[in-house]
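Dear colleague,

Please find the structure below, handed over for your records. My findings follow directly after it.

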Amino acid sequence: MSIIIKQAPISEKDMIAEAEKALADISRVREGVGRVIFGQESVVERTLVALLAGGHALLVGVPGLAKTKLVETLGIVLGMDARRIQFTPDLMPSDILGSEVMEQDELGKRSFRFIPGPIFAQLLMADEINRASPRTQSALLQSMQEYHVTVAGERHDLPSPFHVLATQNPLEQEGTYPLPEAQLDRFLMQIDILYPELEAERRILLETTGTEDARAQNVLTPERLKEIQHLIRRMPVPESVVEAILALVRSARPGQENAETDKHVAWGPGPRASQALTLCARARALYDGRLAPSIDDIKALAEPVLQHRMALTFAARAEGMSVRDVVARLVKGI
């Protein structure tokens with residue numbers, strides 16, 4: 001007979017105390033990242049929100065916009081074991097998961113030993129993820145969703161926490177394998193990285209071409225990050241925010257009596273998008289020092305959460321529309 005022990009609900013006073021402590025930690029993380037990454041405040045915010053919410057993020061931008069630098073910096077600041085995999089068309093699943101090798105002891109007895117691959121890290125940077133073959137992408141997909149890998153029929157659990165920050169170049173498409181919709185859906189957010197503002201680029205120019213580069217410093221531990229992630233999942237969500245999430249996600253699906261969506265959207269987001277919006281809204285609220293998310297959080301996160309979970313019709317693409325245009329119109333309706 002199994003005994004189920006229910007956790008006592010946390011009091012409002014204790015929740016506030018935990019939130020204030022978490023806010024102080026998040027502030028130190030933001031400051032630590034800001035010493036190395038200049039400008040790109042929105043990108044840093046969304047990436048940290050994805051990590052605080054316990055998910056993965058897809059970073060999309062042209063080369064030279066500090067995508068790799070951002071991931072390296074986050075690994076140091078958060079105290080996580082970070083590793084990088086450069087994806088190429090000839091990369092095999094065993095190159096990232098690991099493989100079994102045969103060993104022989106002193107008595108001549110032979111046995112297999114599993115050698116873990118680079119995926120056994122707490123923060124994995126999958127650089128140019130769309131250059132890997134579908135076979136290798138599917139191996140990564142299992143780890144992103146189930147947090148373990150299977151090699152030779154044996155299950156091997158990944159470290160905790162485990163996060164994937166993947167990068168993708170939107171310009172170079174020759175010799176690439178577009179990510180399947182099932183894998184795109186596993187990313188909590190797609191974060192578009194644009195060119196920096198003038199003053200941010202001026203600071204980059206002056207501070208990165210001298211004899212000394214700014215170095216990131218560790219300010220948090222993976223265990224503390226997991227505590228903050230657990231706190232975020234316990235944050236209350238107002239009923240109005242829940243209704244706004246449901247209205248937005250459902251309005252992005254064809255066949256829901258929305259003429260604009262029926263005309264422009266081929267297929268829309270599933271329930272995982274609603275889950276992602278809820279978690280990210282909680283994380284963004286705490287990131288801003290609030291104890292509960294608001295509808296403004298939903299509006300701010302709608303594009304990065306929904307854009308990779310939707311596809312336009314041929315007619316909409318022919319008219320020059322983008323998924324961002326459709327999401328922007330839907331956001332106005334909530």
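The protein chain exposes about 17,400 Å² (accessible areas by the Shrake-Rupley method with a 1.4 Å probe; for residues, only the protein chains shown count as cover), and carbon and sulfur atoms supply 52% of this area. Of its 334 residues, 47% count as buried, a term that means under 20% relative accessible area (1.4 Å probe, protein chains only).

This is a predicted model, in which local features need pLDDT of at least 70 and side-chain atom pairs count only at pLDDT 80 or more, while totals for chains, interfaces and linings use all residues. Residues are numbered from 1 along each chain as its sequence is written, and side-chain values use heavy atoms, with hydrogens and water left out.

The protein chain contains 14 helices and 11 strands (DSSP runs numbered from the N terminus: helices are H or I, at least four residues; strands are E, at least two). Along its principal axes, the C-alpha trace spans about 75 × 65 × 55 Å. Among contacts (heavy atoms within 4.5 Å) between residues at least 6 apart in sequence, 77% join residues at least 24 apart.

As for confidence, the average pLDDT (the predictor's confidence in each residue, from 0 to 100) is 88, and 96% of the residues score at least 70. Over residues 1-7 pLDDT stays under 50, and the model has one contact beyond four places in sequence for them. Where pLDDT is low, the predicted coordinates should not be read in detail.

With kind regards

Terms used
Buried means under 20% relative accessible area, exposed over 50%, partly exposed in between (1.4 Å probe, protein chains only).
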